[in-house]
Amino acid sequence: MSLPSTIIIKLGKFVWTTMWHQMMSQLAPRSESGAYIRPESEFRHDINDQPENPYKPESGRYALYVGIGCPWAHRTLVVRALKGLESVISLVWVRGEATEGGWMLETPQEGCRSLKDVYQLSQPGYEGRATVPVLWDKQTQTVVNNESADIIEILNREFNQWAQQPDLDLYSTSQKEQIDSLNERIYHTVNNGVYRCGFAQTQSAYEQACNELFLTLDDLEKRLTHHRYLCGETITLADVRLFTTLFRFDAVYYGLFKCNQRRIRDYQNLYGYLQDIYQLPGVSSTCDLEKVKQDYYSNLFPLNPGGIVPSGPDQQDLLLPHNREKITLSTVKE
């Protein structure tokens, strides 16, 4: 069998490239240089006991709307598990549906079928992005917050009187400055960096994002030689934020998002660190690599038009011994 004629190849390339740019413009807003720009979250209310605040800490009042494939939503699940808030904050699961153009509720809630319906129930006429995670107030039927960085701080701070692990402080005052500094770099170059690689629409934008990503991973590998966790011997919100990206890296970002200079399992310390956090009580129950792959490879049509889902890697490898517990402050060499 011979290849298609030159004119058919050129026509096919033109049509596909044109359609790809059109779909990517809807999926991933870009700068003039072709770099991905992540839109800001729009709902940023807090939960606290301040007299003027309508959102008070209460057990059973709030729910998290989450999708298993989303790393930003996964952060909230990890903190909920680490703090022991399963009986305090309920879950509503959503699933990505490419044909529907967004997140659909697995079980209808409040008369809503899609996450967009939920946003519009909270704010009639809302036409913005309907993203997860969502911290939902069942009492007032409103979206309290849809920024994962805010939500994990709220979960760490405001429900300790009902938490099974109230003494676990993932964002202590003494470590706050260090956590914030790490979060700033890791967000731009790793958490969002993998998306900047995968959603780049020019070669130069991709190369810049990819180089920044692996420069940070290399630096974190060195840091974790003498730190069990990013800030020392105890896990913090900085670790939670990094973990959910690392968990997806080899299965999704390495191939689908072209982050293929190295796998996480090629880094001795980063991979052991990933295993360490995965094996903490409750964390593995928030992780389902097969569903994560289904979500990315099936729904991001512009990146994977054939819809074929890869068979590996094996999630069970994360249960192998890591020996990270042997790293203590006595080994730190600054």
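**Reading burial, cavities and backbone**

Reply: We may begin with a covered helix: H4, residues 148–157, is mostly covered, with eight of its ten residues buried. The model is a predicted one.

Me: Which residues of H4 are buried?

Reply: A general point comes first. An α-helix has 3.6 residues a turn, so residues three or four places apart point the same way. In H4, the buried residues are Ser148, Ala149, Asp150, Ile151, Ile152, Ile154, Leu155 and Asn156.

Me: Against which elements do the buried residues of H4 pack?

Reply: Their partners are strand S1 (62–67), H2, S5, S6 and H8.

Me: How many residues does the largest nonpolar core contain, and which of them touch the most other members?

Reply: The general idea is that such a core is a set of buried nonpolar residues joined through side-chain atoms within 4.5 Å. Here the largest core has 96 residues, and Leu115, Leu217, Phe257 and Tyr296 touch the most other members. Helix H8 gives this core its largest share, eleven residues.

Me: What is leucine 115 in contact with, beyond its neighbours within four places in sequence?

Reply: Leucine 115 is in contact with Tyr65, Val94, Trp103, Leu105, Ala130, Thr131, Val132 and Val134.

Me: How should I read empty space inside the model?

Reply: Rolling a probe the size of a water molecule over the atoms shows where empty space is left. In this model, the count is two cavities of 30 Å³ or more.

Me: Which residues lie nearest the centre of the largest cavity, and which elements give two or more residues to its lining?

Reply: Of the 13 lining residues, Phe247, Arg265, Leu274, Pro313 and Leu318 lie nearest the centre. Helix H8 (237–253) and helix H9 (268–278) are the elements that give two or more residues to this lining. The largest share, four residues, comes from H8. By class, the lining of the largest cavity has nine nonpolar residues, one polar and three charged.

Me: What lines the second largest cavity?

Reply: Its lining consists of Glu40, Ser41, Glu42, Tyr126, Arg129, Thr131 and Asn146. One of these residues is nonpolar, three are polar and three are charged.

Me: How should I read the backbone angles?

Reply: Most residues other than glycine have a negative phi, and most peptide bonds are trans. In this model, a cis bond joins valine 132 and proline 133, with omega about 5°. Proline 133 is in the loop between helix H3 (115–122) and strand S5 (134–137). The bond from glycine 312 to proline 313 is also cis, with omega near -5°, and proline 313 is in the segment after helix H10 (289–299).

Me: Where does glutamate 110 lie, and what is its phi?

Reply: Glutamate 110 lies in the loop between strand S3 (102–109) and strand S4 (112–114). Its phi is near 50°, a positive value. Glutamate 110 is partly exposed, at 39% relative accessible area.

Me: Finally, how far does the predictor's confidence extend?

Reply: The protein chain averages a pLDDT of 91, and 91% of the residues score at least 70. Over residues 330–334, pLDDT stays under 50, and the model has five contacts for them beyond four places in sequence.

Conventions. Residues numbered from 1 in each chain as written. Predicted model: local features only at pLDDT ≥ 70, side-chain atom pairs only at ≥ 80, totals over all residues. Heavy atoms only, no water. 1 Å grid on protein atoms, 1.4 Å probe; cavity = no way out; pocket = protein on both sides within 12 Å on 5 of 7 lines; lining within 4 Å. Points joined across faces, edges and corners; volume = space filled by probe spheres on them. Nonpolar A, V, L, I, M, F, W, Y, C, P; charged D, E, K, R; others polar. pLDDT = per-residue confidence, 0-100. Contact = heavy atoms within 4.5 Å. Buried < 20%, exposed > 50% of the residue type's maximum accessible area, 1.4 Å probe, protein only.
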